[in-house]
Amino acid sequence: QAAAVMSWNTGGGQASVRESRQLYVLGEVFSNRLLDAMREKFGASYAPQVYSSWPLDFPGGGAVTAMTTLDPGKVPMFFTTAQEIAADLAAKPVSADELTRVVEPLRQTVTRASTGAAFFMGQLDGATQDPSRYQSLRTLLGDYTRISPAELQALAARYLKPESSWRLAVVPEAKK
């Protein structure tokens, strides 16, 4: 098996927490598409993941990252497929149905999680030094669930550019 990673730099910081949450939604849409594409194109049951990271305590360092393990010969096709999906997300808005398939489970997860004190403790970590975290907690559910296809497209166009991506492949040594 080989490992393949493709990543695009994003940002960071508490001031843009709404954008970080929207990038999370974009990452989930990307992940769904990549899973479908790999099963279709590769004819195997690979489990790629796409995730968005966004450090709240630093002004940069975030990324949208796609990764998987797969047959070494299929690594180039993974990179091509991931870039095609990124380009498509930037070129046209996602369908309402595709967005709902991501947003509705997220709405349910946040709603359930927010019934416990541990959720609020985690969300308010650092709020004594940065009071803006109180306000960002108030917008949490809406930031994840009130996003339009056009907003996702704009984020993809801003961040998922071919020239701003980097790639890494870890492949086994050739047998002698």
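In this predicted model, the axes of helix α1 (residues 17-42) and helix α7 (residues 149-159) come within 10 Å of each other and cross at roughly 90°. Axes are lines fitted to C-alpha atoms, for helices over the stretch in contact, and angles run from 0 to 180 degrees between N-to-C directions. Helices (H or I, at least four residues) and strands (E, at least two) are DSSP runs, numbered from the N terminus. Helices α1 and α7 are therefore roughly perpendicular. Angles under 35 degrees count as roughly parallel, over 145 as roughly antiparallel, 65 to 115 as roughly perpendicular and the rest as oblique.

On the α1 side, the residues in contact are R18, E19, Q22, L23, V25, L26 and V29; they meet E151, L152, L155, A156, R158 and Y159 of α7. Contact means heavy atoms within 4.5 Å. The residues of this contact comprise eight nonpolar, one polar and four charged. Ala, Val, Leu, Ile, Met, Phe, Trp, Tyr, Cys and Pro count as nonpolar, Asp, Glu, Lys and Arg as charged, and the others, Gly among them, as polar.

Residues are numbered from 1 along each chain as its sequence is written.

Two single residues were examined. Q83 lies in helix α2 (residues 75-91). Its relative accessible area is 12%, so Q83 is buried. Buried means under 20% relative accessible area, exposed over 50%, and partly exposed in between (1.4 Å probe, protein chains only). Leaving aside residues up to four places away in sequence, Q83 touches M6, W8, L160, P162, S165 and R167. S132 belongs to helix α5 (residues 132-138). With a relative accessible area of 33%, S132 is partly exposed. S132 and V17 are 115 residues apart in sequence, yet their C-alpha atoms are 9.9 Å apart in space.

The protein chain as a whole has seven helices and four strands. From the N terminus on, its elements run β-α-β-β-α-α-α-α-α-α-β. The radius of gyration is 18 Å, close to the 16 Å that the globule rule gives for 176 residues, so the chain is as compact as a globular protein of that length. This radius is taken over C-alpha atoms; the globule rule is 2.2 Å times the number of residues to the power 0.38. Of the 176 residues, 42% count as buried. Among contacts between residues at least 6 apart in sequence, 79% join residues at least 24 apart.

Methods:
This is a predicted model: local features need pLDDT of at least 70, side-chain atom pairs count only at pLDDT 80 or more; totals for chains, interfaces and linings use all residues. Side-chain values use heavy atoms; hydrogens and water are left out.
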